[in-house]
Each structure stands twice: as C-alpha cells, then as structure tokens.
Amino acid sequence: MKATGVVRRIDDLGRIVIPKEIRKILHIKEGDPLEIFTDREGGIILKKYSPIGELSEFATEYAETLAATTGHITCITDKDTVIAVAGGAKKDYFEKSISKEIEKVLENKEVYTSKDNNEISLPIVENDNRERKFNSQIVYPITSQGDAIGCVILISKDPSKNMGEVEMKVLQSAAGILGSQMEI
C-alpha cells in the first residue's frame, strides 16, 4: 500500500471523506460504487467497483468471437479501462485507461463511427496522442438499467476493410448482450 499522508476522522454515522485530489486521480465521481476490502494487517482498501469487470472472462471470450467473426480488432471496456482485447496486440490496449474521448462517448451514451481515414479517429486509451490512425472504427456504449457501464469497440487498420451497417448491428447486439448480463 502507498501512503498518501492524508488523515481523516470518521463522523458519527461512520463516514469518511475521500479527498478531492485522490478522487480526481482515481477518476472517482459522485455516485460511483466502491468495493471495500480488508487486508490481513487490519487495513481497509477501497476499490472502484466495475460491474462489467465481473464479466471479464465472458467479455474476453465474446471479444474473441467478435474479432473472429468480423475480422476487426475488438476491445471491450468498463467505464475506466479496457477489460478485453482480441484480434490485435493486447499490449496496446489491455488494462489501460480509456481516453477522454471514449469517456465522453460513454457519458453521452452515443454511438461513434468513423468510416475511413478522412474522418477523425478516436484514441482508445490515454496517451495515445492520436498517433494511431484507424481506417474505420465503431464505439458502441454498453448500457445497463439506463447507465453506460462500458463500450464495445471495433477497429480496422486495414484500408481494404471498411465497416458498415452489418458491423453496427453486430456491436449493437454485443452491447445489448453484455448489458443484459449485468441485469441478471
């Protein structure tokens, strides 16, 4: 564990305040669920809870199926990180924080598409600096009970492989299935 040097008192209802600086660093917003753990030394560990992260094994298998079916790189994210990658180099995306642009797509619960290199390609992960240009890309939010909990992303680097209505429907279906798994 890393010490922060911050000390807080528990109020009469058993609450503590997580300092704004720490919330900002860890991307914790008002209403975000936190999971509580204890360690052997009596410490309490708070971790941002990712409901879709509970499905990481299923998400990985689903990403592999989507990549094999579509021939495109497939990423599945929660609200903070990429939790599954298939069809491309995992080291480029897996367990990396999503970019601010992808966060905005999630926030707005809108589908993003770029059809060729003439349009802007969204960076998938932080610090991508828009250096990587994709031939085409679709970002489809995963919603559960009205909240965006992640997204499914198809990426094509191959100029001969464009995405269209079929890929959009495949992602719509994938996002629906992943979202419905969270409601079970």
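In the predicted model, 38% of the 184 residues of the protein are buried, where buried denotes a relative accessible area under 20%, exposed one over 50%, and partly exposed anything in between (1.4 Å probe, protein chains only). Residues are numbered from 1 along each chain as its sequence is written. Because the model is predicted, local features need a pLDDT of at least 70 and side-chain atom pairs count only at pLDDT 80 or more, while totals for chains, interfaces and linings use all residues, and side-chain values rest on heavy atoms, with hydrogens and water left out.

The protein holds 5 helices and 7 strands, taken as DSSP runs numbered from the N terminus (helices H or I, at least four residues; strands E, at least two). Read from the N terminus, these elements follow the order α-β-β-α-β-β-α-α-β-β-β-α. The C-alpha trace spans about 60 × 35 × 30 Å along its principal axes. Of the contacts (heavy atoms within 4.5 Å) between residues at least 6 apart in sequence, 51% join residues that are at least 24 apart.

Five strands form an open sheet in the order β4-β3-β7-β6-β5, with antiparallel pairing; two strands are taken to pair if DSSP finds at least two bridges between them. Its edge strands, each pairing on one side only, are β4 and β5 (112–114). On average, and with direction ignored, neighbouring strands of this sheet are turned by 15° against each other, the axes being lines fitted to C-alpha atoms (for helices, over the stretch in contact) and the angles running from 0 to 180 degrees between N-to-C directions.

Helix α2 (residues 56–70) touches β3 (73–77), β4 and β7 (147–156), and its direction makes about 35° with that of β4. Helix α4 (residues 100–108), in turn, touches β5, β6 and β7, with its direction at about 130° to that of β7.

The largest pocket contains about 1,300 Å³ of space. On a 1 Å grid over the protein atoms alone, a pocket is an open set of points with protein on both sides within 12 Å along at least five of seven lines, whereas a cavity is a set where a 1.4 Å probe fits but cannot get out, and lining residues have an atom within 4 Å of a point; grid points are joined across faces, edges and corners, and the volume is the space filled by probe spheres set on the points. The pocket is lined by 36 residues, of which I22, L26, I45, L46 and K47 are the closest to its centre. At least two lining residues come from each of α1 (20–25), β1 (34–38), β2 (44–48) and β4 (82–86), and β2 supplies the largest share, 5 residues. By class, the lining comprises 21 nonpolar, 6 polar and 9 charged residues (nonpolar: Ala, Val, Leu, Ile, Met, Phe, Trp, Tyr, Cys and Pro; charged: Asp, Glu, Lys and Arg; polar: the others, Gly among them).
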